[in-house]
Amino acid sequence: MAIEIRPVTPAETREYLRVLPYVNGLPQEEPEPSAWYAGHAAWPPQVPATEEMLDQYVEEAQSDWFRPQAAFVDGKIAGGSAIVSVQVTLPGGRQVPLGGVTSTAVLPTYRRRGLLRKIMTAMLDDCRQRGEFLAGLSASEGTIYGRYGFAPATFQHRWEVRRTDADFRAAFADPGSLELVDGSVAAGVWPVLHEQVRAVRVGEISPLPGKWDGLATGGLPPDGSGPAHHLVHRDPSGDVDGAALFRLPWSPDPEQVGVLQVEAFEALTLDAYRALWGLLLDFDLTKRVVAARRPVDEPLRWMLTNPRALKLTRTRDNLWLRILDVREALEARTYAASGSLILDVSDDLCGWNAGRWRLDASPEGATCSPAEESADISLSVNELGSLYLGGVRASELAHAGRIGEHRTGGVALLDALLRPDRAPHNAVGF
Ligand SMILES: CC(C)(COP(=O)(O)OP(=O)(O)OC[C@H]1O[C@@H](n2cnc3c(N)ncnc32)[C@H](O)[C@@H]1OP(=O)(O)O)[C@@H](O)C(=O)NCCC(=O)NCCS
């Protein structure tokens, strides 16, 4: 079997796409009712893509931000993956390039022969050559990507609130205003709002081109979840400072009728946040609100008279990070406190990361350089990936035996340096 790993040419894009589960009608996400996202049906659809859909995928895949790699076995594509060029926001506010791994699959008849490992190695090399010192992905299964140095760095919650339980602790007067708008207005609102959100939200990802284009045309999703409704909040001067996209699907199941599903929600101010949730939680003819892909530190819980009214129905990892250059990564962010640590990092795949690094960190930034001294902390690049945005505490990983402490107080100092203001979160993926 002759194996060649190389980028896919435009003429080969269709053949590459045919390898992917969602093109073959093989679902990789859980079906309803435990589905992670707000919708009702399995994603991707359980039928193979039509030629028309493939044409559309081919067009998208030929954009310059989509960089597919494939494993050719005896000249035919047996597996593939791709990197999309996006940006992620770091503590301190820098928005840095991230190589986003997506659309990964190996044909069932060629799996477990090392094809993904070869593809991944080629893609990570390519990222590094382009100056992307971080790679990321969202994982369909938790067992696949740790071996390549990826680890969970952001997390999401899905929750629900019964309308009858949704009493706010304190009444509030909204100085702004709410408005239901149509899809064409919403298509203009979301890109602007998201840019403002990601400027201040650690972990947030830049949208892929065309992300909100579909809102203007407002097509009905095939799963029966009904049309999208768009609610915007304006501040007293009329500027949009928050928005929500929700659906009110009909269902033959009485339990599912009267559910308001929130698919997207952003608020730049406390007023917008309270006003938007205030209406969504008390929408006439509904019984409960379900919101998916929400931050783990959702403030709403603390606004309700009964904090138990907000019930978590799902939690999962979202962005998995892979640090491709320890030095650049540690120097790119700022820290919650000042301090110095010697980190002994292990990394099987990206050997240049391995070894001892001296981190001199402060709220203004950091320097990171190779160290001669003995290590205060030892960890692998996986743990560093989980810690990097502040979504996982060093002490938690130390309690799990994943971080070694060689100087008393080393883990506590690492916790203090990396402490986030708010949990990192990305509402947009790739
Ligand atoms: C997941 C998938 C891409 C792996 O491709 P592959 O070519 O079989 O992977 P490799 O042979 O390079 O395997 C690399 C390692 O991962 C392990 N591995 C691969 N898939 C795994 C899985 N689903 N569960 C657990 N281990 C897995 C292999 O055993 C191997 O272990 P080793 O390094 O200790 O030897 C492929 O099985 C697939 O397409 N699955 C269905 C679609 C899918 O899940 N895509 C991922 C979307 S996020």
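How many helices and strands are there in the chain? In this predicted model, local features need pLDDT of at least 70, side-chain atom pairs count only at pLDDT 80 or more, and totals for chains, interfaces and linings use all residues. Residues are numbered from 1 along each chain as its sequence is written. The chain holds eleven helices and 19 strands, taken as DSSP runs (helices: H or I, at least four residues; strands: E, at least two) numbered from the N terminus. Its radius of gyration is 23 Å, close to the 22 Å that the globule rule gives for 430 residues, so the chain is as compact as a globular protein of that length; the radius is taken over C-alpha atoms, and the rule is 2.2 Å times the number of residues to the power 0.38.

Turning to the sheet, seven strands form an open, mixed arrangement in the order β8-β9-β10-β11-β12-β7-β13, where two strands pair if DSSP finds at least two bridges between them. Because β8 (177–181) and β13 (311–317) stand at the edges with a single partner strand each, one side of each is left without a neighbour in the sheet. Within the sheet, β11 (residues 259–267) and β12 (residues 288–294) run parallel and are joined by four bridges; glutamine 261 has valine 290 in β12 as its bridge partner.

A look at the ligand comes next. Among the 19 residues around the ligand, Val106, Arg111, Leu115, Leu116 and Ser140 come nearest, a residue being near if its C-beta atom, placed from the backbone, lies within 6 Å. The elements giving two or more residues to this shell are β4 (95–106) and α4 (115–129).
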